[in-house]
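Okay, thanks for coming, everyone. I've got one structure to walk through, so let me put it up.

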Amino acid sequence: ERCKSLKVPLIVESIDVLSFAEKEKRSIEESARMLRYRVFHKLRDLHSAQVIAVGHNADDQVEEFFLRAIRGSSRKSLSGMELQHGTVIRPLLHIHKQELIEYLEKNTIPWCLDSSNLERTYLRNRVRLDLLPLLKKDFNASIGKTILQNMDILREDERYLEANTVEAYQKCTIFDIESGEGAKGGQLNIRSELFVQYHPAIQRRIFEKCCWKMKSKASYEQICSLMELLDTGITGSEIHLSAGLRAEKNAGNIIFSRPLAP
């Protein structure tokens, strides 16, 4: 009815989330999010739209901080959602949910509550319904404001570290798509004599960037193993990472390659 009154086209699609979650061995929440965005991007291409606008607000940002902290996350992840990420924009990200509700009520705009938001089956709902009220009541009445301020600081720190990491990565790595013993995806070399000049915080991030470049998601433990390989590994020693990726230490390099298909 709202779209009709505004003369905005409405498209509704239904997706089999349960089958996808079972097949991919992912949670219902993660599966639903992935499939939602697949549809959004498909429709953006279909209609030649510039961006996808989603409705995340400041309260969602606070919830996201605790979700990521509970699950274990990097500084970048804890800095929260961006106003724009690629073709996705979040125009309501700095507005609190109560402000949005008050606006809707003031302008007599009907709105609805998704009943699944009240189900404690989902971790996000338990954070919203149980954890945050407890923190506000017993620890810090302004916990939302405090977390948002900390996220702003983390975001600025992250931008600074990422800029330094990109510069360091470009200086000390060489990517050769033709190298390797029948390698899939090429070979990436870190020049050790340059790499060791950087602070461990930058080194860890370079290792992570190398793994992403080679289409391998590195865990905390794997980054620690790479740091150990650099510091104490003898020439010829190697470690195996995810998706069939291998890191080997030689006289002057750490070599990332995938000699066998994963």
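**Two loop residues and a helix pair**

Let's start with Lys215, which sits in the loop between α10 (200-213) and α11 (220-232); helices here are DSSP runs of H or I with at least four residues, strands are E runs of at least two, and both are numbered from the N terminus. Quick caveat: this is a predicted model, where local features need pLDDT of at least 70, side-chain atom pairs count only at pLDDT 80 or more, and totals for chains, interfaces and linings use all residues. Residues are numbered from 1 along each chain as its sequence is written, and side-chain values use heavy atoms, leaving out hydrogens and water.

Back to Lys215: its phi is near 60 degrees, a positive value in a residue other than glycine. With a relative accessible area of 68%, Lys215 is exposed (that's over 50%, with buried under 20% and partly exposed in between, using a 1.4 Å probe and protein chains only).

Ser48 also isn't a glycine, and it has a positive phi of about 55 degrees. You'll find Ser48 in the loop between α3 (28-46) and β1 (52-53). Is Ser48 buried or exposed? Exposed, because its relative accessibility is 65%.

Now the helices. α4 (residues 58-71) packs on α7 (residues 123-138) at about 100 degrees, axes 10 Å apart; the axes are lines fitted to C-alpha atoms over the stretch in contact, and angles run from 0 to 180 degrees between N-to-C directions. So α4 and α7 are roughly perpendicular, meaning 65 to 115 degrees. Contact means heavy atoms within 4.5 Å, and the residues making it include Phe66 and Leu67 of α4 and Leu131 and Leu135 of α7.

How values were computed:
Angles under 35 degrees count as roughly parallel, over 145 as roughly antiparallel, 65 to 115 as roughly perpendicular and the rest as oblique.
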